[in-house]
Amino acid sequence: EDYLRILRYFRFYGRIADRADSHDADTLKAIEENADGLRRIAAERIWMEVSKILTGNFAPELVGLMYGLGVASAIGLPKSKSLENFCVVFERSRNCKLSPVSLLVSLDRTATHVDEITDHWKLSNSERRLGNFIVENRELKASDANPVKPYQVLLVLMAPQKREEYRGYVIELLHYVGKHDLVDKIATWK
């Protein structure tokens, strides 16, 4: 059997369904019974599907369902899940396109698991750096007087040859934490 069809179900459900909760009970039962078969699928193929699920319609509901049906544990989604945080981050990013990596790390509230996650999913070096950057800086505190300053400091601390790559990371972080109004300031700051 092609167990990857399980993940394709979730991906295509998000693309074609008009409601988050109109699943066929028999289909969900079959998914639950066969979820362990996903352990045989290469992580790269799973990541291709999961990345599209995370950024698609009804992602919070679909990811919650994946946890409930045992799919999440079979594919290596974070065990210490934080669906509440994922939902908050997903909602914040409705008007901007967050990276699937940012959404993935939002499922885990502990920074110690990010390397495990990125190793398991065999993410690229850039995706790994972004995931670590988001987790390390998502609790960054800013003053009301100068809310952009801590994000500017992040750029100043980067080596000049990495600054533009990290400018993208800072912009992603701003979207992640819902500070969309600061994006233009960081994008044009020199």
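Helix packing and pockets in a predicted model

Mentor: In this predicted model, helix α1 (residues 4–16) packs against helix α2 (residues 25–34) at an angle of about 140°, and their axes are 10 Å apart.

Trainee: Which residues in α1 and α2 meet?

Mentor: From α1 come I6, Y9 and F10, which meet T27, L28, I31 and N34 of α2. This contact comprises five nonpolar residues, two polar and no charged.

Trainee: How do you know which residues of α9 and α11 are in contact?

Mentor: Contact requires heavy atoms within 4.5 Å. On the α9 side the residues are S126, R129, L130, F133, I134 and N137, and they meet E165, Y166, Y169, V170, E172, L173 and Y176 in α11. By type, the residues of this contact are eight nonpolar, two polar and three charged.

Trainee: What is the volume of the largest pocket, and which residues lie nearest its centre?

Mentor: The volume of the largest pocket is about 190 Å³. Eleven residues line this pocket, and G76, L77, P78, K79 and E116 lie nearest its centre. Helix α8 (residues 114–120) gives the most to the lining, with three residues.

Trainee: How do the lining residues of the largest pocket divide?

Mentor: They divide into three nonpolar, five polar and three charged. Gly counts as polar.

Trainee: What makes up the lining of the second largest pocket?

Mentor: Twelve residues line the second largest pocket, with R92, R138, E139, Y176 and V177 nearest its centre. The volume of this pocket is about 160 Å³. Helix α6 (residues 83–92) gives the most to its lining, with three residues. The lining holds five nonpolar residues, one polar and six charged. Y176 is also one of the α11 residues that meet α9.

Notes:
Residues are numbered from 1 along each chain as its sequence is written. This is a predicted model: local features need pLDDT of at least 70, side-chain atom pairs count only at pLDDT 80 or more; totals for chains, interfaces and linings use all residues. Side-chain values use heavy atoms; hydrogens and water are left out. On a 1 Å grid over the protein atoms alone, a cavity is a set of points where a 1.4 Å probe fits but cannot get out, and a pocket is an open set with protein on both sides within 12 Å along at least five of seven lines; lining residues have an atom within 4 Å of a point. Grid points are joined across faces, edges and corners, and a volume is the space filled by probe spheres set on the points. Helices (H or I, at least four residues) and strands (E, at least two) are DSSP runs, numbered from the N terminus. Axes are lines fitted to C-alpha atoms, for helices over the stretch in contact, and angles run from 0 to 180 degrees between N-to-C directions.
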